[in-house]
Amino acid sequence: IAVVLGVERRSRVLAGLYMGRSDVALMVRQSALHVWKIVVTNTVRILREILPTLFAMLLGSLASESSDRRQVAARTLGDVVRKLGERILPEIIPILEKGLDSNRSVERQGVCVGLGEIMASTSKDYIQAFQGSLVPTVRRALCDPLADVRVAAAKTFVSLYDNIGTTALEEILPSLLDDLKTRGGDDVVEYALDGLKQVMAVKSRVVLPFLVPKLTAPPVNTKALALLSSVAGEALVRHLGTIFPALLRSLSENAESTTYGDDLEASRVLVLSVGSEAGMYCVIDELMTASKNPKPGMRQASLILLKTFCAEKKVDYSQYVPKLIVGLIGLFNDRDSGVVSAAWHALDAVTEKLAPADQIPAISHIRQGVKYVRGDLKEDETLRGFSDSPKGIKPLLQIFREGILNGSPDVKESAATGLGDVIRLTSVAALRPHIIAITGPLIRILGDRYSWNVKAAILDTLTLVIVKAGLAVKPFIPQLQTTFVKALNDANRTVRLRAAAALEKLVVRQ
């Protein structure tokens, strides 16, 4: 046969015939086996002779888009290892290593699939004996320029880990981490980063504990953490307690750096990748804890990420709203203006997503937060979070409005009193844009038949608005005057006295 066809063609024919013995179709398998027995007298000897050609064909088939070809190649490869014995590995592995030098991407992808099949058909002892050759091959494939090759290499990494354990982590991952810091170009970094991502996607519970301490060590690699977190799944949750402090510390220290924007965006990606209830609790708890850090940069960074989480994450965090409201209002008097602004935006994100049914219970939490922060203020001092922000008390107005208009009598009284507390702590300039939103609902409820304590609370709040806003209430003067005069005839003495006091303040401003 070799004389007639030539050695190369004869090798291709026999290799194809041998692969036919593992075909998906029964008739093809039977026919190929019959012909093989007629043509070949010594299977082991012939296999050794055609091994390079057979492997070149197998590598192409293993990376084929055809599932039948991949299945045939996988069966054939396992059969070769079984036929020739594990001692054939010294001959097979160099062929596979050489396959990574191929310009054909399908062949490089086939190398990874082939290695996985070999490890599935070989004992652990032999794999451990040849790990010196297997590890560099897998490591190199994980940094291949083609994404499909890196995906296949990650699956091979799993097989390698299953056989040699933590040695696979220690021998492969540090090299990929070093490539993230390489000066070999952005492409090398991207390939290494995606290689880590593919490994994480298939073995996150094993890989993450190894990577997190290295990625969170200064300087923190925020980009790598963000990318890996997107495929880490539930395994990420148990490491958030390590990741967040390092992440926030990095953002705080690099606030003036040119890379701050990229680091912040990467941090946002990481925060939004957390989806489970346990992860949600961990995110809120870690960020709220960091918001009390002595360093302003840490406080501000944590609040920026908290705002991102509350505004963009489509999850139900209503059970954490009380903690968020009280904690964020408590930061409205922070010494650092950046922290105050970040706390305001975070509170706005929290209250904006509250459904009407959840707004009324939030009133008591707002009052609690205001009570705590008011204790740190001097008399007649305004709260920075209410007074310095361009939109002032906007995050709280809709909640108070809902309570005043649609709450029970007790809720109406509490909402009116709470609104009055907020107005006391707000500057005149910050209050003026909201006069219409404040005054309209109060006048409407005061004109209805409610108990005296509700009316008294509303009259107190309206008096505060008149005193603070001055001429800004001028469009409401006719309505206010009519309402106050009507209240002077109320059966309750307290209501009459409050109405007289309010009318007195109104007359002065006419």
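Figure 1. The chain carries 63 positive and 53 negative side chains, with Lys and Arg counted as positive, Asp and Glu as negative, and His and the chain ends not counted. The centres of the two sets lie 4 Å apart, each charge being placed at NZ of Lys, CZ of Arg, CG of Asp or CD of Glu. Residues are numbered from 1 along each chain as its sequence is written, and side-chain values use heavy atoms, with hydrogens and water left out. In this predicted model, local features need pLDDT of at least 70 and side-chain atom pairs count only at pLDDT 80 or more, whereas totals for chains, interfaces and linings use all residues.

**Figure 2. Helices and overall extent of the protein chain**. The secondary structure comprises 28 helices and zero strands (DSSP runs numbered from the N terminus: helices are H or I, at least four residues; strands are E, at least two). The radius of gyration is 36 Å, well over the 24 Å that the globule rule gives for 510 residues, so the chain is more spread out than a compact globule (taken over C-alpha atoms; the rule is 2.2 Å times the number of residues to the power 0.38). Along the principal axes, the C-alpha atoms fill a box of roughly 120 × 45 × 35 Å.

**Figure 3. Helix 26 and the residue that follows**. Helix 26 spans residues 452–469, and 15 of its 18 residues are buried (under 20% relative accessible area, 1.4 Å probe, protein chains only). Just after helix 26, Gly470 adopts a positive phi of about 65°.

Methods:
The expected span of a helix is 1.5 Å times one less than its number of residues. Buried means under 20% relative accessible area, exposed over 50%, partly exposed in between (1.4 Å probe, protein chains only).
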